[in-house]
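The exercises below each set a task and then work through it step by step. Please look at the sequence and the structure before reading the solutions.

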Amino acid sequence: MKTFVGIDLGSTTTKAVLLDEQEQVLGRGITNSRSNYKTACSVATEEAKIDARFTLFRREFGGEGTLSSSVEEFLSALERSFRLEQFLEQLADLEETCTRLVRGERFEKTGEGVKSALAEVFKRLRAEAPAMFAPGAERKSDFFRDIAGSRYLAVAEEVGRDADISYDVLLNLYDKSIIAVENRPPSGSLNEKFNKALGRVSQDGDGFGDELGKRAENALGIELEESFLVGTGYGRVTLPFSKEHIRSEILCHGLGAHMMYPETRTVLDIGGQDTKGIQVDPNGIVENFQMNDRCAAGCGRYLGYIADEMNMGLHELGPLAMKSAKPARINSTCTVFAGAELRDRLALGEKREDILAGLHRAIILRAVSILSRSGGVADQMTFTGGVAKNEAAVRELKKLIAENYGEVTINIDPDSIYTGALGAAEFARRAAEGRLEGVEA
Amino acid sequence: MKPSVVKAQPADVLKDASMLKQKEMMAAHYERLTSAPQAGEKVASTFVPGNLNELIMCFDLVNNLPEVNAIQSGLRKQSGQYIMEAERAGHSEDVCTYVKSDIGMMLKGNIGPNGKELPRPDVLLLSYTGCFTFLKWFELLREQYKCPTIFLQTPYMADGKVTPNMIQYMVKQLKEDVIPTLEEVSGVKFDIDRLREYLKKSAEAEDDLVHILQSGKNKPSPIDAYFGGIYYIGPIFGAFRGTDDAIDYYRFLREEVDERMLKGLGPVTPDGPMGEEKYRLVVEGPPNYTSFRQFWKMFYDEGATVVASSYTKVGGTYDYGFRHDPDRPLESLAEYCLGVYTNRNLPMRIDMLSDYINEYEADGLLINSIKSCNSFSAGQLLIMREVEKRTGKPAAFIETDLVDPRYFSAANVKNRLESYFQMIDQKRGSKGAAA
């Protein structure tokens, strides 16, 4: 079947969306942008294809709504099994890369010991992998770097201690290798991995009949043909795309938000390094926009920096800020100043949640100023970008919009991070139809 | 898809013959300026908007323009260090960067573009035209040079019109203050017939300038009225208005432009002749000078030509009919100062930009908002909204600075420009689809 790919190369993450000819989302994929946009792009696309496979499985099983519980269980077993396959494949790559690095003068005396320590580390990682992908298991991240990294470090410390090999040596091998592994485009056929996963599911004998497996194989037979691709986002210019394959992220966000919520007239996007206020017409065509200029104050990175300063995970900031009953008054949106202010206030004994709530308010204040310069807020407004996932930011936004613009519907899609990629995919679909909007015709 | 435009790949920057001619004129002027003390000539420093070049010439004074010096420093990549020097001397980060570039240049020995020291002014002549910072700038220079300062107060066109009272008020200042002080400084007696003679020459060159600027109405436009426009306004906004040199230059330029027009050619860019004209823009606000070529390239690489701009009116709104008039010498100097773009109120600016979009059949309005110039930037977003509303054409807003290299973020500007060009395409596409 024909598919249309939209890719949004952001400063933090790269997102891909696969659309079908009916403008329906088949799949979504996301990965960290790393230093290699090209790989990020192919990883995100592959992830979107994997997701698309599951959509096709669902369609095969009778629709995209809720399916019978046995089918749901089968599909989630299949997904876990597929993820495990993928993890094991990358783990093998990591092991090979680490082992290859054990050579030269440095390892003249210790080489063999280090190699066998590595073998032991990876043996243990492989052994514990199925449990990580077992039903109900929680993973902090879906990115290989994060999952493999935290376990490697823990296991290597143990193994190193027992084998009397310095932890630093093992750490260093990992650091060098993970970059190489991460920057290698995904290899191997997806269908092969799916077949392996199917095999594993039936082998595990969780009581799924052969019928389910057969129908899944049918769905695997549908070829996903990449008919047209459009890229957007900061990394777009570094890609070997020709001009008709590139659209501005402002146009893509406008169109993507329109597709999610057709009544959208104002879009606020807070991404890693920019904040955009966009006004769109009833067809999703951009009428006006404003974005932060030379300074990235008040963007997503601001929260990332604060999280680092507080030694917390990015996703933990919002929930903690929500606990505040008395937000601190912080006006500066300068990231560096905010760090100083944070330490200062902590030293004065102010509560962490109050300071955090104040910092969330500060970034939203800045976003609202950009919105107002773009032409204000019209009903309905759609909030997109990574920061839209942060409940404390959303709370402040709702408050400020109500104070300044009255009653306005604010849409936040759970998949809002894919808005730009969705718009890009729709541009791809239209381009394939011969409608080259956003490109001189 | 049309094939991408194939451009000539010159070894060096391409320049029109007129640009080379202008370069010679500017070089000669800077030579005269830097050798003024040896030649026994006296120097008047003044500003571009509302400059009284013809009057200055009546007293054999050499015209020195600190704004133009700052622009030269920006183009020659010197302004960054000058600005830092001025900041070290206590000038805040938010101050007009022309001022800081000028002050910094002074602190670093006041070396002009020809590598020679610029002279101390003998008089500071300020015809205040809408920019409040000009006052403060000359206050600083007066402190430094301890020379006489003349302040010709130009009433702001707050109500959108010039009244007889305003003209009388200015003529009175010219007679009672400006002219007597200039006589005193220069030791030359004022001769009104000499002034008439210069004004006649001004008007002649002004006719040609208007013809050149209005050539942007053609499709394709043979000129870029913003980036190219900066060159075109150079002589007449500076020290050459009222001279034979200016008459020659504009006649020459007019022929050059007419020839391109006849051949159906677009503007000449630093990378060679412009390719296909895809977007016709009206631009409001001054350009960025520190990354001038890079900035321009972002336009011509995309096939965008600026067909009209407000910046080319800061030294006179000749296309609206004003000419220096030998029969009403002092009155026409007053009218000149009153009419310059910076002295026009917001509704007048909106009218002008909307007219340009309609008359030049432009695709829309682009505002280049200058970080350190409040006098230009105040009200620009309102201008943008109103022009959009009146013309129905899309507008966009970018932010850079005059001569502070720290305020030019190429990736950001490019991102916005590309978005804007695609927005124009999308609008065209949707109109085509609706039709």
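**Exercise 1.** Find what share of the contacts in chain A between residues at least 6 apart in sequence join residues at least 24 apart.

*Solution.* Begin with the term itself: two residues are in contact if their C-beta atoms, placed from the backbone, lie within 7 Å. Among the contacts in chain A that link residues at least 6 apart in sequence, 72% join residues at least 24 apart. Before going on, note that this is a predicted model, in which local features need pLDDT of at least 70 and side-chain atom pairs count only at pLDDT 80 or more, while totals for chains, interfaces and linings use all residues. Residues are numbered from 1 along each chain as its sequence is written, and chains are lettered from A and ligands numbered from 1 in the order in which they are written.

**Exercise 2.** Work out how the radius of gyration of chain A stands against that of a compact globule.

*Solution.* The radius of gyration is taken over C-alpha atoms, and the globule rule is 2.2 Å times the number of residues to the power 0.38. For 441 residues the rule gives a value near 22 Å, and chain A has 24 Å, which agrees. As a further step, the C-alpha trace of chain A spans about 65 × 60 × 45 Å along its principal axes.

**Exercise 3.** Describe the side of chain A that touches chain B.

*Solution.* First, 21 residues of chain A are in contact with 19 residues of chain B. Next, helix H8 (249-260) and strand E7 (286-291) of chain A each supply at least two residues of that side, where helices (H or I, at least four residues) and strands (E, at least two) are DSSP runs numbered from the N terminus. The largest share, five residues, comes from E7(A).

**Exercise 4.** Determine how helix H9 (residues 192-214) and helix H11 (residues 244-262) of chain B pack.

*Solution.* The angle between H9(B) and H11(B) is about 20°, and their axes are 9 Å apart; axes are lines fitted to C-alpha atoms, for helices over the stretch in contact, and angles run from 0 to 180 degrees between N-to-C directions. Angles under 35 degrees count as roughly parallel, and H9(B) and H11(B) are therefore roughly parallel to each other. Finally, the contact includes Lys201(B) and Glu204(B) of H9(B), and Tyr250(B) and Arg251(B) of H11(B).

Key. Parallel < 35°, antiparallel > 145°, perpendicular 65-115°, else oblique.
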